[in-house]
Amino acid sequence: MKQTYNLALFGAGTIAKKIVEAAKSIERLCLYAVASRNVENARSFREKYGIQHVFESYEDMISDSQVDLVYISTPTKYHYEHIKMCLLAEKNVICEKPFVETVEQAIELQQLAHQKGLFLMDALWSMYMPIMGELLKYTKELGKIKYSTASLGYPSVSKDNTGKIKSRYDLWDYAVYPLATTILLRGEPQKLKSCSKRIDDIVVKNRSFLQYKDGKARLFSGLLHRSTYMLMLVGTKGTIFARKWWFGKFPVIVWKYPFKFIVLKFQHAMNGYEYELNEAVDCMDKGEIETRRYPLGNAISVLKWAEKMEIYECRK
């Protein structure tokens, strides 16, 4: 049965702003409440974006019986704690990527959501965009995939007053896209070799090589320089080229050997976050506790392989 859901926000930062912008285009989502570690930030957020209520703590907000769905956009280190407290309070949850920090945490939260019959989603936004459905469709038409590559690197570091490297981002904020997309399109690999470079205790770049039964994959992510931003899949019957694929709005070229080229174009209705919100609402209408587009099993698989990605140090 279709109904209107009251959406509450954990956090009042950049992602929360994007969620509010997208939610305003979805009639069956009501911008009900916001809370933040800084109450003044939450109050300012409420006034600026027309949120109905502001709460002085996350605990107070989830104790409100009118809250149907919580969007968590707090720092990653708090995700496990915040998801669990919402589920224990009988709230459906969408959590911004990165979902949680370990496989064990993800499995525990999945089991808890299932036990309580609550919806839980990993909000890796590109997984819910139209581009992913098209990539899945055309990947199946490439024959055996012999090679693929996915790259996302962007200069995101500065130095503090002591000269040490600092960044508001963790490398996993970027690395999750190449890994998750590759696993979605090709499945789990047989092996993974990886090397990471650290500067001042910050992992600033990673190269990973995945071995599949019929081919290989190369992944790159980094905080120091711009990468090619390219996703490429090379099969026995064709090749796919997709630049900045995680944004979901740039053209994709499909080359079907020998001479057929297809150009796929995409355009967001809002800012790209509307797809995950619509997916959550549709799933809740149907009484589903996970999305089929990117189920928690996928998120757990990605975390499993991610734990192998910082084993070795790259040599200069």
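Predicted model: local features only at pLDDT ≥ 70, side-chain atom pairs only at ≥ 80, totals over all residues.
Residues are numbered from 1 along each chain as its sequence is written, and side-chain values use heavy atoms, with hydrogens and water left out.

Let's begin with the overall build. The protein chain has nine helices and 17 strands; helices (H or I, at least four residues) and strands (E, at least two) are DSSP runs, numbered from the N terminus. The C-alpha trace spans about 60 × 55 × 35 Å along its principal axes. A compact globule of 316 residues would have a radius of gyration near 20 Å, and the 20 Å of the protein chain agrees with that. The radius is taken over C-alpha atoms, and the globule rule is 2.2 Å times the number of residues to the power 0.38.

How much of the chain is buried? Of the 316 residues, 53% count as buried, meaning under 20% relative accessible area with a 1.4 Å probe, protein chains only. Among contacts (heavy atoms within 4.5 Å) with a separation of 6 or more, 64% come from residues 24 or more positions apart.

Now to the strands. S10 (residues 191-199) and S11 (residues 202-211) run antiparallel and are joined by nine bridges; two strands pair if DSSP finds at least two bridges between them. Within this pairing, cysteine 195 has arginine 207 in S11 as its bridge partner. The two strands form a hairpin with two residues between them, and aspartate 200 in the turn has a positive phi of about 50°. S11 is also joined to S12 (residues 216-222), again antiparallel, by seven bridges. Here phenylalanine 209 stands opposite arginine 218 in S12, and the hairpin of S11 and S12 has four residues between the strands. As you follow these strands, recall that in a regular strand the side chains alternate between the two faces of the sheet.

Finally, turn to helix H4 (residues 79-88). Which of its residues are buried? They are His79, His82, Ile83, Met85, Cys86 and Leu87. Their cover includes strands S1 (5-10), S4 (69-72), S5 (92-96) and S6 (120-123), along with helices H3 (58-62) and H5 (103-116). Just after H4, glutamate 90 takes a positive phi of about 65°.

Conventions. Buried < 20%, exposed > 50% of the residue type's maximum accessible area, 1.4 Å probe, protein only.
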